[in-house]
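Biologist: Can you walk me through this structure? I'd like to go site by site.

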Amino acid sequence: MRGSASEVGEHVVIFAGPMGAGKTTAIRALSEVEVVSTEAANSDRAVVDKETTTVALDYGEIGLTDSEKVRLYGVPGQRRFSFMWSILKERARGVIVLVAGDSPDPLGGMLEFVDEFRDLYERGGMLVGVTRTDLGVGPPVARYGEALAEAFPSLAVPVMALDPRDPAHMRMALMTLIVNVETRERLQAVAS
Ligand SMILES: Nc1nc2c(ncn2[C@@H]2O[C@H](COP(=O)(O)OP(=O)(O)OP(=O)(O)O)[C@@H](O)[C@H]2O)c(=O)[nH]1
Ligand SMILES: [Mg+2]
């Protein structure tokens, strides 16, 4: 998960997923610095009924230890802003794919973004968080794991229900991802 020597102790994690999944909310809950957001009026309210949507990125930071920090980037959910996905993918070593459980096609949305960010799984790590499960709409969380295993049998991706509004819950998810990435890095180092 570490970049060049000048970046020792720095991790870069992307939050990806369909519109309204809670990416901006998650970064605001986690960040210890003021979040840079690029919200604009939401012209797609038929898709997700909320006031604003991310058009370029969200950026925040959180310290893991005194010498390690995580740069958190949220990318826009709407495909027409997907140029930002490729720009940020280059820098990141981990991705948290969020999907709103109450969205019209949550399983399809998850699979689309897992596929899109799959190279980050190969280079680092990936975790899927199902949000808005408290609203009681949509498939049970176990169904997401099954759908992933069916579509991508070679991927071992943790799937969990997540509330992006809850900082403690989000920190736990972020640490799960980072431990996963570091473990895989160590295993690869031993194997090579
Ligand atoms: N009840 C409930 N609300 C949630 C939960 N997670 C997120 N939300 C709400 O759902 C909305 C998510 O909006 P955003 O955080 O803007 O979503 P986004 O993924 O950044 O969306 P785009 O930038 O438009 O792609 C916010 O109003 C959150 O407060 C959850 O677990 N439960
Ligand atoms: Mg957003």
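**Ligands, loops and helices**

Modeller: Let's start in a helix. Arg143 is found in helix α5. Keep in mind that this is a predicted model.

Biologist: Is Arg143 buried, exposed or partly exposed?

Modeller: Arg143 is partly exposed, because its relative accessible area is 29%.

Biologist: What does Arg143 touch, beyond its neighbours within four places in sequence?

Modeller: Arg143 is in contact with Leu107 and Glu150.

Biologist: And how far is Arg143 from Glu182 in space?

Modeller: They are 27 Å apart, C-alpha to C-alpha. In sequence, 39 residues separate Arg143 and Glu182.

Biologist: New topic. Which residues come nearest to ligand 1?

Modeller: Thr25, Lys50, Thr53, Arg132 and Asp134. They belong to a set of 18 residues around ligand 1.

Biologist: How much of ligand 1 does the protein bury?

Modeller: The protein buries 85% of the 670 Å² that ligand 1 exposes when taken alone.

Biologist: Which elements give two or more residues to the shell around ligand 1?

Modeller: Helix α1, residues 23–30, and strand β3, residues 52–65. The most comes from α1, with three residues.

Biologist: What kinds of residue make up the shell around ligand 1?

Modeller: Five are nonpolar, seven are polar and six are charged.

Biologist: Now the metal. Which protein atoms are donors to the magnesium ion?

Modeller: The magnesium ion is ligand 2, and its protein donors are OG1 of Thr24 and OG1 of Thr54. They lie 2.0 Å from the ion.

Biologist: Which parts of the chain does that pair tie together?

Modeller: Thr24 lies in helix α1 and Thr54 in strand β3, so the pair links parts that are 30 residues apart in sequence.

Biologist: Are Thr24 and Thr54 buried or exposed?

Modeller: Thr24 is buried, and so is Thr54.

Biologist: What about the phi of Arg132?

Modeller: Phi of Arg132 is near 60°. That is a positive value in a residue other than glycine.

Biologist: Which side chain does Arg132 join through a polar contact of 3.0 Å?

Modeller: The side chain of Asp102. Asp102 sits in another loop, between β5 (94–100) and α3 (106–116). Not counting residues up to four places away in sequence, Asp102 touches Arg132, Leu135 and Val137.

Biologist: Why is Asp102 called partly exposed?

Modeller: Because its relative accessible area is 26%.

Biologist: How far apart are Asp102 and Pro139?

Modeller: In space, 8.6 Å from C-alpha to C-alpha. In sequence, Asp102 and Pro139 are 37 residues apart.

Biologist: Let's switch to strand β1. Where does His11 stand there, buried or exposed?

Modeller: His11 is in strand β1, residues 10–16. His11 is buried, because its relative accessible area is 0%.

Biologist: Which side chain makes a polar contact with the side chain of His11?

Modeller: That of Glu68, at 3.2 Å.

Biologist: And Lys89, buried or exposed?

Modeller: Lys89 is buried, because a relative accessible area of 12% is under the 20% cut-off. Its place is in helix α2, residues 83–91. Leaving aside neighbours within four places in sequence, its contacts include Ile14, Glu116 and Asp119.

Biologist: Last stop, helix α6. Where does Ile178 lie, and how far is it from Gly94 in space?

Modeller: Ile178 lies in helix α6, residues 167–191. The C-alpha atoms of Ile178 and Gly94 are 7.5 Å apart, though 84 residues separate them in sequence. Ile178 is buried, because its relative accessible area is 1%.

Biologist: What does Pro167 touch?

Modeller: Ala29 and Leu30, not counting residues up to four places away in sequence. Pro167 is found in helix α6 too.

Notes:
Residues are numbered from 1 along each chain as its sequence is written. Chains are lettered from A and ligands numbered from 1 in the order in which they are written. This is a predicted model: local features need pLDDT of at least 70, side-chain atom pairs count only at pLDDT 80 or more; totals for chains, interfaces and linings use all residues. Side-chain values use heavy atoms; hydrogens and water are left out. A residue is near a molecule or strand if one of its heavy atoms lies within 4 Å of it. Accessible areas come from the Shrake-Rupley method with a 1.4 Å probe; for residues, only the protein chains shown count as cover. Helices (H or I, at least four residues) and strands (E, at least two) are DSSP runs, numbered from the N terminus. Ala, Val, Leu, Ile, Met, Phe, Trp, Tyr, Cys and Pro count as nonpolar, Asp, Glu, Lys and Arg as charged, and the others, Gly among them, as polar. Buried means under 20% relative accessible area, exposed over 50%, partly exposed in between (1.4 Å probe, protein chains only). Contact means heavy atoms within 4.5 Å. Donors are N, O and S atoms within 2.8 Å of the metal (3.2 Å for Na, K and Ca); water is not among the atoms, so sites may look incomplete. A polar contact is a pair of N or O atoms within 3.5 Å; within protein, one must be able to donate a hydrogen and the other to accept it, and residues adjacent in sequence count only if both atoms are side-chain atoms.
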